[in-house]
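Please read it alongside the sequence and the coordinates.

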Amino acid sequence: MNLRDIKKDIDYVLSSFIEDCATCVAVNPKANDKAVAGLMEEAVDLYNELRDKVVAKQIEGSKKAYYNALRKEILERTDALYTKLSEAITQAAEPEEAPAEKPAKKAPAKKKAPAKKDEEAEA
């Protein structure tokens, strides 16, 4: 692996996340725009941080181990962002508490017809 591939991975993974955020907001009108926008900003910050780590001149230890750890960090931190996005969308999808419904009015009970006096006399 070379640095160009790592840079491409960072670009691809984080740009895909930002696209997914934009799609979620566009498709789900109940989504919290502020929460998703915050996640997008966090992704941009992560992008800048990871790019700075890629071009760092002072690397302690093996370069191979450093870049392998960096690849692992890309995936772990992006996965954490996807988890946060999932939670934000799940909260938006939960139905709000509906106002308490009034109990339905019962129909008045039918009254029994009074017995006729003639029928009572015969019995």
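## Packing of α1 against α2

In this predicted model, helix α1 packs with helix α2, which spans residues 33–54, at an angle of about 175°, and the two axes lie 10 Å apart. Because angles over 145 degrees count as roughly antiparallel, α1 is roughly antiparallel to α2. On the α1 side the contact is made by Leu3, Ile6, Lys7, Ile10, Asp11, Leu14, Phe17, Ile18, Cys21 and Val25, while α2 contributes Asp33, Val36, Leu39, Met40, Ala43, Val44, Leu46, Tyr47, Leu50, Arg51 and Val54.

Sorted by class, the residues of this contact between α1 and α2 comprise 17 nonpolar and four charged ones, with no polar residue among them.

## Packing of α1 against α3

The axes of helix α1, residues 3–27, and helix α3, residues 63–93, come within 11 Å of each other and cross at roughly 0°. An angle under 35 degrees counts as roughly parallel, so α1 is described as roughly parallel to α3. From α1 the contact draws on Leu3, Asp5, Ile6, Asp9, Ile10, Val13, Leu14, Ser16, Phe17, Asp20, Cys21 and Cys24, and from α3 on Tyr67, Leu70, Arg71, Ile74, Thr78, Leu81, Tyr82, Leu85 and Ile89.

The contact of α1 with α3 holds 15 nonpolar residues, together with two polar and four charged ones.

## Packing of α2 against α3

For the pair α2 and α3, the packing angle is about 175° and the axes are 10 Å apart, which means that α2 runs roughly antiparallel to α3. The residues of α2 that take part are Ala35, Val36, Leu39, Glu42, Ala43, Leu46, Glu49, Leu50, Lys53 and Val54, and they meet Tyr66, Tyr67, Leu70, Glu73, Ile74, Arg77, Thr78, Leu81, Lys84, Leu85 and Ala88 of α3. By class, this contact between α2 and α3 is made up of 14 nonpolar residues, one polar residue and six charged residues.

Glutamate 73 is one of the α3 residues in this contact, and its place in helix α3 goes with a relative accessibility of 17%, so that glutamate 73 counts as buried. When residues up to four places away in sequence are not counted, glutamate 73 touches Glu49, Leu50 and Lys53.

The structure holds zero disulfides. Cysteine 21 takes part in none, and the nearest cysteine sulfur, which belongs to cysteine 24, is 6.6 Å away.

Cysteine 21 is placed in helix α1 and, with a relative accessibility of 0%, counts as buried. Apart from neighbours within four places in sequence, cysteine 21 is in contact with Val36, Met40 and Leu85. Serine 86, which is found in helix α3, is instead partly exposed, with a relative accessible area of 41%. From C-alpha to C-alpha, cysteine 21 and serine 86 are 9.9 Å apart in space, although 65 residues apart in sequence; for serine 86 and cysteine 24, the corresponding values are 9.8 Å in space and 62 residues in sequence.

## The chain as a whole

The protein has four helices and zero strands, and the pattern read along the sequence is α-α-α-α. Of the contacts with a separation of 6 or more, 76% are accounted for by residues 24 or more positions apart.

Of the 123 residues of the protein, 21% count as buried. The accessible surface of the protein comes to about 10,100 Å², and carbon and sulfur atoms account for 54% of that surface.

Key. Residues numbered from 1 in each chain as written. Predicted model: local features only at pLDDT ≥ 70, side-chain atom pairs only at ≥ 80, totals over all residues. Heavy atoms only, no water. Axes fitted to C-alpha atoms, helices over the stretch in contact; angles between N-to-C directions. Helix = DSSP H or I, 4+ residues; strand = E, 2+ residues; numbered from the N terminus. Parallel < 35°, antiparallel > 145°, perpendicular 65-115°, else oblique. Contact = heavy atoms within 4.5 Å. Nonpolar A, V, L, I, M, F, W, Y, C, P; charged D, E, K, R; others polar. Buried < 20%, exposed > 50% of the residue type's maximum accessible area, 1.4 Å probe, protein only. Disulfide = S-S within 2.5 Å. Areas by Shrake-Rupley, 256 points an atom, 1.4 Å probe, with all protein chains shown as cover.
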